[in-house]
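Please keep the sequence and the model in view while reading.

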Amino acid sequence: MARNKDGDTKAPKEKKQGRIAQIRDVYRMTKRADPLVGWYMLLAFLLTFGVLLIAGLLLDMGWIFAIFGVMSGILVATIVMSRRAERAAYRQIEGQTGAAGAALTSIRRGWYTDREPVAADVNRPGDVTSAAVVYRALGRAGVVLVGEGPTGRVQKLLGAEKKRVERVAPGVPVTLMRVGNGEDEVPINKLASKVQRLRPQITKDEMSVVNKRLKALGGMKAPLPKGIDPTRARMDRKALRGK
(Lines give C-alpha, C1' and ligand atoms only; values in the text may rest on other atoms or scores of the structure.)
Protein backbone atom coordinates (compact mmCIF):
# COMPACT_ATOMS: atom_id res chain seq x y z
CA MET A 1 0.00 0.00 0.00
CA ALA A 2 1.29 3.47 -0.86
CA ARG A 3 0.84 6.57 1.33
CA ASN A 4 0.45 10.01 -0.26
CA LYS A 5 1.55 13.40 1.07
CA ASP A 6 -1.69 13.85 3.02
CA GLY A 7 -1.20 10.54 4.81
CA ASP A 8 -3.98 8.75 2.92
CA THR A 9 -3.36 5.14 1.98
CA LYS A 10 -4.26 4.28 -1.57
CA ALA A 11 -3.72 1.15 -3.63
CA PRO A 12 -1.64 1.69 -6.77
CA LYS A 13 -3.82 1.94 -9.83
CA GLU A 14 -2.95 -0.09 -12.90
CA LYS A 15 -3.24 1.69 -16.19
CA LYS A 16 -5.29 -0.18 -18.73
CA GLN A 17 -4.02 -0.14 -22.28
CA GLY A 18 -6.53 1.30 -24.72
CA ARG A 19 -7.71 -0.44 -27.86
CA ILE A 20 -5.83 1.96 -30.15
CA ALA A 21 -2.64 1.42 -28.16
CA GLN A 22 -3.08 -2.34 -28.44
CA ILE A 23 -3.54 -2.13 -32.21
CA ARG A 24 -0.48 0.10 -32.46
CA ASP A 25 1.64 -2.38 -30.48
CA VAL A 26 0.45 -5.32 -32.59
CA TYR A 27 1.26 -3.36 -35.75
CA ARG A 28 4.77 -2.58 -34.54
CA MET A 29 5.44 -6.21 -33.60
CA THR A 30 4.02 -7.45 -36.89
CA LYS A 31 6.08 -5.01 -38.93
CA ARG A 32 9.29 -6.36 -37.42
CA ALA A 33 8.53 -9.79 -38.89
CA ASP A 34 6.53 -8.57 -41.92
CA PRO A 35 7.81 -5.21 -43.25
CA LEU A 36 5.11 -5.12 -45.96
CA VAL A 37 2.18 -5.25 -43.54
CA GLY A 38 1.63 -1.48 -43.79
CA TRP A 39 1.29 -1.59 -47.58
CA TYR A 40 -1.17 -4.48 -47.41
CA MET A 41 -3.24 -2.58 -44.86
CA LEU A 42 -3.22 0.55 -47.03
CA LEU A 43 -4.26 -1.45 -50.09
CA ALA A 44 -7.10 -3.10 -48.16
CA PHE A 45 -8.31 0.29 -46.93
CA LEU A 46 -8.20 1.92 -50.38
CA LEU A 47 -9.97 -0.96 -52.10
CA THR A 48 -12.74 -1.07 -49.49
CA PHE A 49 -13.16 2.70 -49.45
CA GLY A 50 -13.06 2.93 -53.25
CA VAL A 51 -15.70 0.26 -53.82
CA LEU A 52 -18.12 1.80 -51.32
CA LEU A 53 -17.49 5.34 -52.61
CA ILE A 54 -18.27 4.30 -56.18
CA ALA A 55 -21.42 2.55 -54.98
CA GLY A 56 -22.42 5.69 -53.11
CA LEU A 57 -21.88 7.92 -56.14
CA LEU A 58 -23.97 5.61 -58.30
CA LEU A 59 -26.77 5.76 -55.74
CA ASP A 60 -26.37 9.52 -55.27
CA MET A 61 -25.42 8.94 -51.62
CA GLY A 62 -21.73 9.80 -51.87
CA TRP A 63 -21.22 11.38 -48.43
CA ILE A 64 -22.98 8.63 -46.54
CA PHE A 65 -21.10 5.88 -48.35
CA ALA A 66 -17.82 7.79 -47.98
CA ILE A 67 -18.16 7.84 -44.19
CA PHE A 68 -19.19 4.19 -44.20
CA GLY A 69 -16.26 3.44 -46.50
CA VAL A 70 -13.75 5.00 -44.09
CA MET A 71 -15.05 2.94 -41.15
CA SER A 72 -15.23 -0.24 -43.23
CA GLY A 73 -11.77 0.40 -44.66
CA ILE A 74 -10.27 0.72 -41.18
CA LEU A 75 -11.99 -2.51 -40.12
CA VAL A 76 -10.74 -4.44 -43.16
CA ALA A 77 -7.22 -3.06 -42.72
CA THR A 78 -7.25 -4.19 -39.08
CA ILE A 79 -8.38 -7.67 -40.11
CA VAL A 80 -5.56 -7.84 -42.68
CA MET A 81 -3.06 -6.84 -39.99
CA SER A 82 -4.42 -9.51 -37.64
CA ARG A 83 -4.13 -12.23 -40.30
CA ARG A 84 -0.58 -11.25 -41.20
CA ALA A 85 0.35 -11.06 -37.53
CA GLU A 86 -0.90 -14.62 -37.13
CA ARG A 87 1.14 -15.78 -40.13
CA ALA A 88 4.22 -14.05 -38.75
CA ALA A 89 3.72 -15.79 -35.41
CA TYR A 90 3.49 -19.17 -37.15
CA ARG A 91 6.72 -18.43 -39.02
CA GLN A 92 8.39 -17.68 -35.68
CA ILE A 93 7.55 -21.11 -34.23
CA GLU A 94 7.78 -23.19 -37.41
CA GLY A 95 10.39 -25.92 -37.07
CA GLN A 96 10.61 -25.63 -33.29
CA THR A 97 9.86 -28.61 -31.11
CA GLY A 98 6.52 -27.83 -29.50
CA ALA A 99 5.09 -25.89 -32.45
CA ALA A 100 2.28 -28.42 -32.96
CA GLY A 101 1.24 -28.17 -29.32
CA ALA A 102 1.20 -24.38 -29.53
CA ALA A 103 -0.94 -24.50 -32.67
CA LEU A 104 -3.41 -26.95 -31.11
CA THR A 105 -3.85 -24.84 -27.99
CA SER A 106 -4.88 -21.92 -30.22
CA ILE A 107 -8.16 -23.83 -30.77
CA ARG A 108 -10.44 -22.32 -28.15
CA ARG A 109 -13.89 -23.81 -28.54
CA GLY A 110 -15.11 -27.38 -28.59
CA TRP A 111 -11.74 -29.05 -28.11
CA TYR A 112 -9.65 -30.36 -25.24
CA THR A 113 -6.00 -29.63 -26.02
CA ASP A 114 -2.72 -29.68 -24.15
CA ARG A 115 0.56 -27.95 -24.93
CA GLU A 116 2.55 -30.85 -23.47
CA PRO A 117 3.18 -33.96 -25.64
CA VAL A 118 1.72 -37.34 -24.73
CA ALA A 119 4.66 -39.25 -26.25
CA ALA A 120 8.23 -38.44 -27.21
CA ASP A 121 11.28 -40.16 -28.64
CA VAL A 122 14.72 -38.55 -28.53
CA ASN A 123 17.41 -40.11 -30.69
CA ARG A 124 20.24 -38.93 -28.44
CA PRO A 125 20.07 -37.35 -24.98
CA GLY A 126 19.85 -33.58 -25.32
CA ASP A 127 19.33 -33.75 -29.09
CA VAL A 128 16.06 -31.82 -29.35
CA THR A 129 16.33 -31.10 -33.07
CA SER A 130 15.81 -34.77 -33.97
CA ALA A 131 13.13 -35.42 -31.34
CA ALA A 132 9.85 -37.00 -32.36
CA VAL A 133 6.82 -35.98 -30.30
CA VAL A 134 3.08 -36.59 -30.38
CA TYR A 135 0.33 -34.24 -29.17
CA ARG A 136 -3.29 -35.12 -28.51
CA ALA A 137 -6.54 -33.22 -29.01
CA LEU A 138 -10.10 -34.31 -28.29
CA GLY A 139 -13.26 -32.90 -29.85
CA ARG A 140 -16.56 -33.87 -31.45
CA ALA A 141 -14.53 -35.43 -34.28
CA GLY A 142 -12.91 -37.82 -31.82
CA VAL A 143 -9.26 -38.03 -30.84
CA VAL A 144 -6.65 -36.35 -33.01
CA LEU A 145 -3.00 -37.33 -32.62
CA VAL A 146 -0.48 -34.93 -34.15
CA GLY A 147 3.16 -35.87 -34.60
CA GLU A 148 6.16 -33.72 -35.37
CA GLY A 149 9.73 -34.76 -36.05
CA PRO A 150 11.45 -37.41 -38.25
CA THR A 151 8.79 -39.25 -40.26
CA GLY A 152 9.76 -42.84 -39.42
CA ARG A 153 9.91 -42.34 -35.66
CA VAL A 154 6.81 -40.15 -35.62
CA GLN A 155 4.79 -42.87 -37.38
CA LYS A 156 5.86 -45.43 -34.78
CA LEU A 157 4.90 -43.08 -31.96
CA LEU A 158 1.55 -42.31 -33.58
CA GLY A 159 0.79 -46.02 -34.02
CA ALA A 160 1.67 -46.83 -30.41
CA GLU A 161 -0.34 -43.88 -29.06
CA LYS A 162 -3.34 -44.82 -31.21
CA LYS A 163 -3.37 -48.29 -29.62
CA ARG A 164 -3.26 -46.74 -26.16
CA VAL A 165 -6.22 -44.50 -26.97
CA GLU A 166 -8.24 -47.33 -28.51
CA ARG A 167 -7.78 -49.44 -25.37
CA VAL A 168 -9.46 -46.87 -23.14
CA ALA A 169 -11.87 -45.41 -25.73
CA PRO A 170 -12.94 -48.23 -28.08
CA GLY A 171 -15.09 -47.12 -30.99
CA VAL A 172 -13.98 -43.47 -30.79
CA PRO A 173 -12.49 -42.24 -34.10
CA VAL A 174 -8.75 -41.57 -33.95
CA THR A 175 -7.25 -39.29 -36.62
CA LEU A 176 -3.49 -39.22 -37.21
CA MET A 177 -1.67 -36.16 -38.57
CA ARG A 178 1.96 -35.22 -39.13
CA VAL A 179 3.18 -31.63 -39.10
CA GLY A 180 5.47 -30.57 -41.92
CA ASN A 181 5.63 -29.38 -45.51
CA GLY A 182 6.08 -32.76 -47.20
CA GLU A 183 3.62 -35.17 -48.76
CA ASP A 184 0.75 -36.24 -46.47
CA GLU A 185 1.86 -33.64 -43.93
CA VAL A 186 0.02 -30.60 -42.59
CA PRO A 187 1.77 -27.19 -42.54
CA ILE A 188 1.89 -25.74 -39.04
CA ASN A 189 -0.12 -22.66 -40.07
CA LYS A 190 -2.98 -24.88 -41.32
CA LEU A 191 -3.03 -27.40 -38.48
CA ALA A 192 -5.63 -25.70 -36.28
CA SER A 193 -8.05 -25.06 -39.16
CA LYS A 194 -7.68 -28.63 -40.47
CA VAL A 195 -8.46 -30.06 -37.04
CA GLN A 196 -11.48 -27.80 -36.63
CA ARG A 197 -12.87 -28.85 -40.02
CA LEU A 198 -13.04 -32.53 -39.07
CA ARG A 199 -16.60 -33.87 -39.16
CA PRO A 200 -18.26 -34.36 -35.73
CA GLN A 201 -18.78 -38.03 -34.90
CA ILE A 202 -19.39 -38.16 -31.16
CA THR A 203 -21.69 -36.22 -28.83
CA LYS A 204 -20.58 -33.71 -26.20
CA ASP A 205 -21.50 -36.17 -23.44
CA GLU A 206 -19.41 -38.89 -25.07
CA MET A 207 -16.57 -36.42 -25.48
CA SER A 208 -16.67 -35.63 -21.76
CA VAL A 209 -16.49 -39.33 -20.88
CA VAL A 210 -13.59 -39.91 -23.28
CA ASN A 211 -11.73 -36.91 -21.85
CA LYS A 212 -11.92 -38.41 -18.34
CA ARG A 213 -10.59 -41.72 -19.64
CA LEU A 214 -7.74 -40.04 -21.47
CA LYS A 215 -6.80 -38.12 -18.33
CA ALA A 216 -6.75 -41.40 -16.44
CA LEU A 217 -4.54 -42.82 -19.19
CA GLY A 218 -2.07 -40.03 -18.55
CA GLY A 219 0.64 -38.63 -20.75
CA MET A 220 4.18 -39.80 -21.31
CA LYS A 221 5.35 -42.66 -19.14
CA ALA A 222 8.88 -41.29 -19.17
CA PRO A 223 9.81 -37.73 -18.12
CA LEU A 224 9.88 -35.07 -20.79
CA PRO A 225 13.23 -35.35 -22.61
CA LYS A 226 15.74 -32.77 -21.50
CA GLY A 227 15.78 -29.78 -23.82
CA ILE A 228 12.18 -30.06 -25.03
CA ASP A 229 10.22 -27.14 -23.70
CA PRO A 230 6.58 -27.27 -24.85
CA THR A 231 6.11 -23.69 -23.66
CA ARG A 232 8.91 -22.37 -25.88
CA ALA A 233 6.68 -22.22 -28.93
CA ARG A 234 3.80 -19.85 -28.24
CA MET A 235 0.97 -18.80 -30.50
CA ASP A 236 0.47 -15.31 -29.15
CA ARG A 237 1.64 -11.81 -29.96
CA LYS A 238 4.80 -12.22 -27.86
CA ALA A 239 6.10 -14.59 -30.53
CA LEU A 240 6.48 -11.59 -32.81
CA ARG A 241 9.02 -10.08 -30.44
CA GLY A 242 11.42 -12.90 -31.29
CA LYS A 243 11.56 -14.14 -27.69
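This is a predicted model: local features need pLDDT of at least 70, side-chain atom pairs count only at pLDDT 80 or more, and totals for chains, interfaces and linings use all residues. Residues are numbered from 1 along each chain as its sequence is written, and side-chain values use heavy atoms, with hydrogens and water left out.

**Fold.** The protein chain has seven helices and seven strands. Helices (H or I, at least four residues) and strands (E, at least two) are DSSP runs, numbered from the N terminus. Along the sequence the pattern reads β-β-α-α-α-α-β-β-β-β-α-β-α-α. Of the 243 residues in the protein chain, 37% are buried. Buried means under 20% relative accessible area, exposed over 50%, and partly exposed in between (1.4 Å probe, protein chains only). A contact means heavy atoms within 4.5 Å. Among contacts in the protein chain between residues at least 6 apart in sequence, 64% join residues at least 24 apart.

**Confidence.** pLDDT is the predictor's confidence in each residue, from 0 to 100. The protein chain averages 79, and 78% of the residues score at least 70. Over residues 1-14, pLDDT stays under 50; the model has nine contacts beyond four places in sequence for them. Residues 221-243 also stay under 50, and for these the model has 56 such contacts beyond four places in sequence.

**Helix packing.** Two helix pairs are listed below. Axes are lines fitted to C-alpha atoms, for helices over the stretch in contact, and angles run from 0 to 180 degrees between N-to-C directions.

| Helix pair | Axes come within | Crossing angle |
|---|---|---|
| H1 (residues 19-33) and H3 (residues 62-93) | 9 Å | roughly 50° |
| H5 (residues 151-168) and H7 (residues 204-217) | 9 Å | roughly 125° |

At roughly 50°, H1 is therefore oblique to H3. Angles under 35 degrees count as roughly parallel, over 145 as roughly antiparallel, 65 to 115 as roughly perpendicular and the rest as oblique. The crossing of H1 and H3 is left-handed. A crossing is left-handed if the near helix is turned anticlockwise from the far one by less than a right angle, and right-handed if clockwise. H1 contributes Ile23, Val26, Tyr27, Thr30 and Ala33 to the contact, and H3 contributes Met81, Arg84, Ala85, Ala88, Arg91 and Gln92. By class, the residues of this H1 and H3 contact are seven nonpolar, two polar and two charged. Ala, Val, Leu, Ile, Met, Phe, Trp, Tyr, Cys and Pro count as nonpolar, Asp, Glu, Lys and Arg as charged, and the others, Gly among them, as polar.

H5 and H7 are also oblique to each other. Their crossing is right-handed. Arg164, Val165 and Val168 in H5 meet Arg213, Leu214 and Leu217 in H7. That contact of H5 with H7 has four nonpolar, two charged and no polar residues.

**Backbone angles.** Most residues other than glycine have a negative phi. Asp60 is not a glycine, yet has a positive phi of about 60°. Asp60 sits in the loop between helix H2 (37-58) and H3. With 72% relative accessibility, Asp60 counts as exposed. Asp184 likewise has a positive phi of about 60° without being a glycine. Its place is in the loop between S7 and helix H6 (191-196). Asp184 counts as exposed, at 64% relative accessibility.
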